Amino acid sequence: MVVMKKHLVLISNEIAKDKGGIQNLCYQISTCLPQYYDLTIICTSDSEIGDEINAKVIKTKATSHEFKAFRLELILKLLMLQHTTKIDCVLAAQYSICIGCGLLKFFSKVPYVVLGHGNELLGAVGTNKIKKYLLNLQRKKILDYSNLIIANSKYTSDLAKAITNNKNIVVIHPPVEHSVLDSVEKIGEPFRLFSISRLIERKGIQLVLKALPAVLEKYPLVHYYVAGSGPYEQELRTLVAKLNISKNVTFLGKISEQEKENQYKKCALFLMPSFSIPEQHSVEGFGIVYLEANAIGKFVIGAKTGGVPDAIQDGVTGFLAEENSVKSVEQCILHFFSTEFKYSSTECRKWAFDHSVNKIVIKYKENIDNII
């Protein structure tokens, strides 16, 4: 007897393999969801979806930068899809695109799931009083009406609980890419530090730079490689010059996925001591880069902020520095290089493999099946 797969629709403002955050998460889970569901993806015209994803793809005319136009098109496409093909469940990558999901549930009883990431749930949204009231009311109603909220960390789950009366909230960490897990463990250069991120203030690269002079006094061979680009880059370069550490810092710029993997292999230690900036709605909801480094057997340094404690097993796969503390970052680096410290690259890799796409998607399936 052939069992028909349920029809799952994944909607996202953008899906892309080579971008971070929600774009990459949607891409990764889309490679495995078709094992369990008849998958349809609705996304923007500039989304990048490869042949390895066995799903029906419906792209809007709007790009990821035309958010209002995308939301309007999305409502129409969802309603048309339900008219032609029965939808069993909608998985929404952002709460802000869920108006169509609410209509579909109201008129056709189709359940929907919302993913929570961090920034979009941090504090009130909007500017003037009326707009703020309406936007926050809309966010609450969408979350309240959803059948399930999947948070990427305990921190994000707590943010959601502070907003909604919905009790059906589960934590499922983001997955690590197959290609990273397939990488071979390699011992790096003994004093090579590495960071990769969008170069913005909250990623904490400046904390590492400020800690370097004290580290270099004890370990003069330390060299710090920073990959990525962003609006904070010039301030970081200015700081390097001011601290007189130009000989020990190299900015790599934007690098390819292959080069990122090579940098993970070359380094002795990966660092991204992020901190939150609530007034800018800016927080690290999880931090998949820590697990990417762990997958190649590398130890990491993060910070006690946002969802980072979910991504790092403190003292086992990495250190959690105090948030926004140069001194704490300095102490973590010095402790890592000290002769008494030892860590297990096997434990690091095991932790990363626990977040393989296959294992993470099974958790999605178990929870989605409960509401269909």
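Lysine 260 is found in helix H9, residues 257-266; helices (H or I, at least four residues) and strands (E, at least two) are DSSP runs numbered from the N terminus. Lysine 260 is buried, because its relative accessible area is 11%; buried means under 20%, exposed over 50%, and partly exposed in between, with a 1.4 Å probe and protein chains only. Leaving aside neighbours within four places in sequence, lysine 260 is in contact with Phe194, Ile196, Ile255 and Glu292, where contact means heavy atoms within 4.5 Å.

Before I continue, a word on the model. It is a predicted model, in which local features need pLDDT of at least 70 and side-chain atom pairs count only at pLDDT 80 or more, while totals for chains, interfaces and linings use all residues. Residues are numbered from 1 along each chain as its sequence is written, and side-chain values use heavy atoms, with hydrogens and water left out.

Isoleucine 97 lies in the loop between strand E4 (89-92) and helix H3 (99-108), and it counts as buried because its relative accessibility is 3%. What does isoleucine 97 touch, not counting residues up to four places away in sequence? The residues are Ile11, Ser12, Asn13, Phe67, Phe70, Arg71 and Leu74. Of these, phenylalanine 70 is 27 residues from isoleucine 97 in sequence and 8.5 Å from it in space, C-alpha to C-alpha.

Helix H3 brings me to the helix pairs. Helix H2 (residues 67-84) packs with H3 at an angle of about 30 degrees, their axes 8 Å apart. Here the axes are lines fitted to C-alpha atoms, for helices over the stretch in contact, and angles run from 0 to 180 degrees between N-to-C directions. That angle makes H2 roughly parallel to H3; the classes are roughly parallel under 35 degrees, roughly antiparallel over 145, roughly perpendicular from 65 to 115, and oblique for the rest. H2 passes H3 in a right-handed crossing, a crossing being right-handed if the near helix is turned clockwise from the far one by less than a right angle, and left-handed if anticlockwise. On the H2 side the contact is made by Ile75, Leu78, Leu79 and Gln82, and on the H3 side by Ile99, Gly100, Cys101, Leu103, Leu104 and Ser108. The residues of this contact of H2 with H3 divide into seven nonpolar, three polar and no charged. In this scheme Ala, Val, Leu, Ile, Met, Phe, Trp, Tyr, Cys and Pro count as nonpolar, Asp, Glu, Lys and Arg as charged, and the others, Gly among them, as polar.

The second pair is helix H7 (residues 205-218) with helix H12 (residues 326-337), which pack at about 45 degrees with their axes 8 Å apart. H7 is therefore oblique to H12, and their crossing is right-handed. From H7, the residues Leu207, Val208, Lys210, Ala211, Ala214, Val215 and Lys218 meet Val326, Val329, Glu330, Ile333 and Leu334 of H12. By class, the contact of H7 with H12 has nine nonpolar, no polar and three charged residues.

Leu25, Gln28, Ile29, Thr31 and Cys32 in H1 meet Val357, Asn358, Val361 and Tyr364 in H14. This contact of H1 with H14 has six nonpolar, three polar and no charged residues.

Now to the aromatic rings. Rings of Phe, Tyr and Trp (its six-membered ring) pair if their centres lie within 6.5 Å; planes under 30 degrees apart count as stacked, over 60 as edge-to-face and the rest as tilted. By this rule the count comes to 18 aromatic pairs. Tyrosine 112 and tyrosine 145 have ring centres 6.3 Å apart and planes at 65 degrees, so the pair is edge-to-face. This pair links distant parts of the chain, 33 residues apart: tyrosine 112 is in strand E5 (residues 112-116) and tyrosine 145 in helix H4 (residues 129-145). Tyrosine 112 is buried, at 1% relative accessible area, whereas tyrosine 145 counts as partly exposed at 32%. Elsewhere, Phe191, Tyr219, Phe299, Phe319, Phe336, Phe337, Phe341 and Tyr343 form one aromatic cluster.

I close with the backbone. Most residues other than glycine have a negative phi. Lysine 109, in the loop between H3 and E5, has a positive phi of about 60 degrees although it is not a glycine. Lysine 109 counts as exposed, at 68% relative accessibility.
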